[in-house]
Amino acid sequence: VLVLAGSTPARAQAGDDWTTFPPTPPIDAAPAPAPAPGPAKPAAAPAPAAPADTVAPAPSVTSDAGTAAPGLQEWGATETPAPAPAPAPADRNPDARERVEARLRAAEAAAGDADAGVTLVSKAERFLPGTEPHSPATSQNRYNAKENLRVTAGAAGIGVLDVSSADLGPKGLLRFYANGEYLNQGNFPVRGATDVRTGGTFGVSFVPVENIEAYLSYAASANSSSRSSPTLIQSLGDITLGGKYARRLAAGFDGGVDLRLTSFSGVGNQSVSRFALGFAPKLVATYDLREAVPELPLRVHANLGFILDSTGGLVKTFTLNSAEEFALGVNRYNRFAFGAAVEAPLPAVTPFLEYNVAAPLGVAGDQLIGPDGVAVPAASAMAQTLALGLKVTAVKDLTLAAAMDFGLARYVGAGVPATPPFDFRFGASFNIDPFQRGETRFVETLQERKVETAKSEAPKTSKVSGTVVDAATHKPIPGVIVAMVGAGLPPVASDAETGHFLTHELPGGPVKLSASKDGYKAADTEVTVEPGKVTLIEVALEAAVKRAHFDVTVATKKKPVAATVVFKGPVEQRVVTAEGAAAPTPAEVPGGTYHVVVTAEGYLAQTREVQVAESGTMAVAFDLTPEPKKKLVILKENKIEVTQQVHFVTGKSTIMTDSYALLAQVVDVIVKNDLKKLRVEGHTDNKGGKAANQTLSEGRAKAVADYLVSQGIDTSRIESAGFGDSRPVAPNLTSRGRELNRRVEFVIVER
């Protein structure tokens with residue numbers, strides 16, 4: 001029963017974001033206004049008490065604004081009496097005033113009587129679909145709960161730190177983010193130098209439509225080094241504009257592409273040009289291991305691409321030293337970039353580990369010149385870091401991140417900015433949803449009224465009240481048919497707004513409920529009904545697999561025949577066609593690749609490979625050949641023996657058409673006996689050179705194997721080999737002997 005409804009401001013984060021704040025407590029209903037003062041009148045008789053096994057239906061619930069919330073009515077509970085309407089002014093109609101006061105006193109008496117003997121049985125907070133809280137608390141969750149996931153922005157758009165994510169979260173979400181770094185390092189980038197660096201990036205990311213993210217950021221840095229000229233070099237106004245397209249490719253796996261354009265501005269001395277441009281295309285992927293192993297709360301991200309920029313041309317009048325290249329972020333080489341990150345979405349925090357490497361391209365001899373003039377390997381001087389950090393959402397919609405970058409580069413090389421041994425990184429991401437509706441919360445309360453009666457009968461029946469939700473999203477499902485199996489009662493349907501349902505009166509004891517709806521798998525639930533008490537349950541429905549549709553036709557010379565058709569693939573499905581059928585025989589299977597096998601009495605079997613998408617439709621037709629009166633193929637223990645040779649064009653590997661009937665019988669034997677592996681062997685006589693005979697035997701064996709594959713035999717079941725003239729079965733002294741040696745044999749490798 002809904003005894004309270006409220007409207008609160010929209011919460012910014014989506015369901016896969018989080019906060020450590022607990023949900024807002026339910027708002028208590030406003031007390032009924034006191035009656036207007038007036039002369040005392042006798043109190044009206046109290047309303048008769050309801051029997052113990054009955055429950056009063058609740059009226060529609062009103063929001064704070066006073067409007068009725070549609071679809072929020074429930075059965076099986078009592079409610080707080082609503083305030084009586086204000087009485088009319090006494091000076092206008094004294095009689096009316098007395099009548100109003102009498103009604104108010106009667107309402108008070110009834111309310112007091114109703115409160116007597118009432119016991120709270122259960123209380124649950126629910127939300128209207130589409131208005132759920134977007135920052136639920138997670139500290140009390142299980143360690144591997146899916147609700148622990150944080151989807152936030154990194155250094156450039158949605159990601160971990162520098163690694164981009166292919167999981168963009170819900171559309172319509174706007175993310176503001178700021179990231180900074182601090183470095184204070186001695187003997188860097190060269191011995192005797194002291195380098196202090198601070199930097200910051202400010203940006204915004206938006207997901208305007210599903211699968212697409214756009215982001216924009218502004219970066220600035222200040223670097224002080226005892227070896228640079230001037231000692232303080234500032235780089236202001238680096239602007240990055242990026243776009244990302246990513247979508248779900250498989251269960252738990254998202255993939256896409258990230259395109260990033262950067263304008264580099266350099267300010268430090270008068271010889272630095274105004275700007276340089278950079279372009280960074282890369283592939284992005286994200287895999288959630290919880291889809292495969294729910295007990296392992298890990299998410300893996302990977303990036304692969306290139307970084308192309310012209311920062312090497314910022315300074316044209318003189319050569320920068322290593323300290324100045326690091327301060328300005330000057331790269332004289334394009335780079336091949338790879339990044340990977342692993343994060344663990346736990347209830348309180350999200351620890352993560354991130355690795356990034358950028359290998360310079362086009363380095364002459366793979367050698368760079370070090371600060372001391374000695375050549376160093378480019379692979380040992382390229383940018384390579386390992387970051388260890390964590391994220392915490394300490395304030396609603398605000399996620400804080402901190403990490404330490406560990407440099408893995410061993411040397412410093414000219415043309416590639418030095419990698420510091422340590423770099424402290426920190427950041428914050430704030431999420432809002434400008435288009436989100438305000439949440440509407442209501443409290444579902446079940447109460448039981450106990451009234452002492454002298455001769456009350458013990459209740460014998462009760463009802464079951466429940467909610468039907470999607471097993472994956474936990475959102476309510478409207479219009480689900482709930483049947484009470486074996487009760488002889490008509491089914492009920494779940495509510496269009498809340499997914500709630502209430503059964504008819506049921507006798508005490510075990511009851512089986514069956515919930516079904518198109519697009520979902522039917523679910524059966526057994527509950528025990530306790531007379532006089534409403535039983536509360538939740539029913540979760542799994543989405544049904546989208547099935548593909550086949551229209552199967554089996555005929556011979558355009559006349560339909562009775563046949564058995566077996567689809568072998570993700571599932572095995574068998575259908576039977578009727579002789580003389582006027583229409584194709586339907587078959588439904590999940591989408592995927594199938595080997596279709598057709599057998600019919602008196603006909604040669606056939607097989608074919610087909611591929612159909614989910615919800616797709618495909619027509620499959622077979623034209624069968626009657627079994628010949630004279631069989632040319634005999635199945636033996638370890639081989640398929642043919643009584644007639646496969647004929648080829650003289651000196652070539654081309655099969656002659658008169659051998660197709662023979663090979664059709666070979667296909668029939670393979671299919672009907674379900675042979676797992678077959679080797680086609682080619683042999684020649686001793687005419688010609690051995691090398692030529694070997695090549696010819698291999699080509700003919702492969703030609704026969706390819707023909708069997710073209711007739712539907714799976715390529716994994718067929719292999720071929722040629723033996724030239726090394727295995728004669730008759731002397732090569734006569735034309736008959738040579739004819740017997742020119743042969744193709746079918747050896748069974750695995751039955």
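Asp524 is partly exposed, with a relative accessible area of 49%, and I would like to begin with this residue in what is, please keep in mind, a predicted model. The partner of Asp524 is Lys512, with which Asp524 forms a salt bridge whose closest N and O atoms are 3.7 Å apart. Asp524 belongs to strand S27, residues 523–529, while Lys512 belongs to strand S26, residues 509–516, so the pair ties together parts that are 12 residues apart in sequence. Lys512 also counts as partly exposed, at 34% relative accessibility. As a general point for those new to this, side chains of opposite charge can pair when their charged atoms come close.

How many salt bridges does a search of the whole structure find? The search finds 27, and I will take a few of them in turn. In one of them Asp405 pairs with Arg425, the closest N and O atoms being 2.8 Å apart. This pair links distant parts of the chain, since Asp405 sits in strand S17, residues 398–407, and Arg425 in strand S18, residues 422–432, which places the two residues 20 apart. Are these two residues buried or exposed? Asp405 is buried, with a relative accessible area of 8%, and Arg425, at 13% relative accessibility, counts as buried too, because the cut-off for that word is under 20%.

Another salt bridge brings together the side chains of Glu641 and Lys636, at 3.1 Å from N to O. Here Glu641 is partly exposed, with a relative accessible area of 27%, and Lys636 is likewise partly exposed, at 39%. There is also a network, in which salt bridges that share partners join Asp167, Asp288, Arg290, Arg299 and Glu343.

My last topic is helix H5, which covers residues 690–710 and has 21 residues. From its first C-alpha to its last, H5 reaches 30 Å, close to the 30 Å expected at 1.5 Å a residue. Which residues of H5 are buried? They are Asn693, Leu696, Ser697, Arg700, Ala701, Ala703, Val704, Ala705, Tyr707 and Leu708. What covers the buried residues of H5? The cover includes helix H4, residues 660–672, along with strand S39 at 677–683, strand S40 at 718–722 and strand S41 at 743–750. Finally, H5 is followed by Gly712, whose phi is positive, near 105°.

Note on methods
Residues are numbered from 1 along each chain as its sequence is written. This is a predicted model: local features need pLDDT of at least 70, side-chain atom pairs count only at pLDDT 80 or more; totals for chains, interfaces and linings use all residues. Side-chain values use heavy atoms; hydrogens and water are left out. Helices (H or I, at least four residues) and strands (E, at least two) are DSSP runs, numbered from the N terminus. The expected span of a helix is 1.5 Å times one less than its number of residues. Buried means under 20% relative accessible area, exposed over 50%, partly exposed in between (1.4 Å probe, protein chains only). Contact means heavy atoms within 4.5 Å. A salt bridge is a side-chain nitrogen of Lys or Arg within 4 Å of a carboxyl oxygen of Asp or Glu.
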